[in-house]
Amino acid sequence: MKNSRPVYYMQTDSKWAGLDYSAKGEHTTIGRAGCGPTCAAMVIATWKDKNVTPPKTASWALKYGYKAAGQGTYYSYFTPQGKVYGIDVKMLNSVNLRTMDKTKRKEYDQKARAAVKTGNLVIACMGPGLWTHGGHYILWYGMDEEHVLINDPASKSPERLKAPWKTFRDQVK
């Protein structure tokens with residue numbers, strides 16, 4: 001499975017982009033704020049149930065309070081969502097890598113690279129740069145010597161699907 005492309009969903013797919021993904025007190029859609037549930041749906045559809053799509057995972061996130069008002073999906077969403085489908089999701093870190101000491105950051109970089117090299121999928125939250133102006137989840141599924149291979153739920157732009165490791169490393173949160 002290493003470097004083989006997982007199921008690829010776009011949060012902007014017309015089948016669900018306009019569906020509600022709103023926390024209390026806001027109005028937004030899967031298309032505008034559903035990158036987290038879309039990434040979760042890609043993992044679940046690849047490994048457990050090909051019928052799982054972003055509306056199903058977004059609905060679950062809303063039902064259990066994992067949508068942050070005025071933002072996106074809480075980091076804590078992925079582990080319990082995976083558990084529903086028997087997928088053991090591990091959070092590699094819970095602090096912003098961009099502000100972390102270089103030595104500590106290198107440890108997280110190595111853990112994530114090792115996970116991908118052994119065929120695991122990594123949902124990464126990106127900070128400002130190539131993928132977003134604020135925050136955005138992407139699915140990292142493979143790599144070659146110099147590039148990361150990504151399913152970006154918001155874009156099929158080649159530079160966002162196969163990006164230099166340095167660009168990815170500098171922008172991942």
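# A hairpin, a sheet and a well-covered helix

In this predicted model, β2 is joined to β3 by a hairpin that runs through 3 residues. Local features are described only at pLDDT of at least 70 and side-chain atom pairs only at pLDDT 80 or more, while totals for chains, interfaces and linings use all residues. Residues are numbered from 1 along each chain as its sequence is written, and side-chain values use heavy atoms, leaving out hydrogens and water.

Me: Let's start with the sheet. What is the order of its 4 strands?

Reply: Strands (E, at least two residues) and helices (H or I, at least four) are DSSP runs, numbered from the N terminus. Two strands pair if DSSP finds at least two bridges between them. The sheet here is open, its pairing is antiparallel, and its order is β1-β2-β3-β4.

Me: Which strands stand at the edges, each with a single partner strand?

Reply: Each edge strand has a single partner, so one side of it is left without a neighbour in the sheet. The edge strands are β1 and β4 (162-164).

Me: How many residues of β2 are buried?

Reply: Buried means under 20% relative accessible area, exposed means over 50%, and partly exposed lies in between (1.4 Å probe, protein chains only). β2 is mostly covered, and the buried count is 8 of its 8 residues.

Me: H136 lies in strand β2. Which side chain makes a polar contact with the side chain of H136?

Reply: H136 has a relative accessible area of 6%, so it is buried. Contact means heavy atoms within 4.5 Å, and leaving aside neighbours within four places in sequence, H136 touches residues including Q11, C35, W131 and R160. A polar contact is a pair of N or O atoms within 3.5 Å; within protein, one must be able to donate a hydrogen and the other to accept it, and residues adjacent in sequence count only if both atoms are side-chain atoms. At 2.7 Å, the side chain that makes this contact with H136 is that of D152.

Me: Now for helix α2 (residues 35-47). What distance does it reach from its first C-alpha to its last?

Reply: The expected span of a helix is 1.5 Å times one less than its number of residues. α2 has 13 residues, which gives an expected 18 Å. The model comes close to that, with a reach of 19 Å.

Me: Why is α2 largely enclosed by the rest of the structure, and how many of its residues are buried?

Reply: The buried residues of α2 include C35, P37, M42 and I44. They pack against several elements, among them α3 (54-63), α4 (78-84) and β2 (136-143). α2 is largely enclosed because the number of its 13 residues that are buried is 11.

Me: What angle does α2 make with β2?

Reply: Axes are lines fitted to C-alpha atoms, for helices over the stretch in contact, and angles run from 0 to 180 degrees between N-to-C directions. α2 lies across β1, β2 and β3, and its angle to β2 is about 30°.
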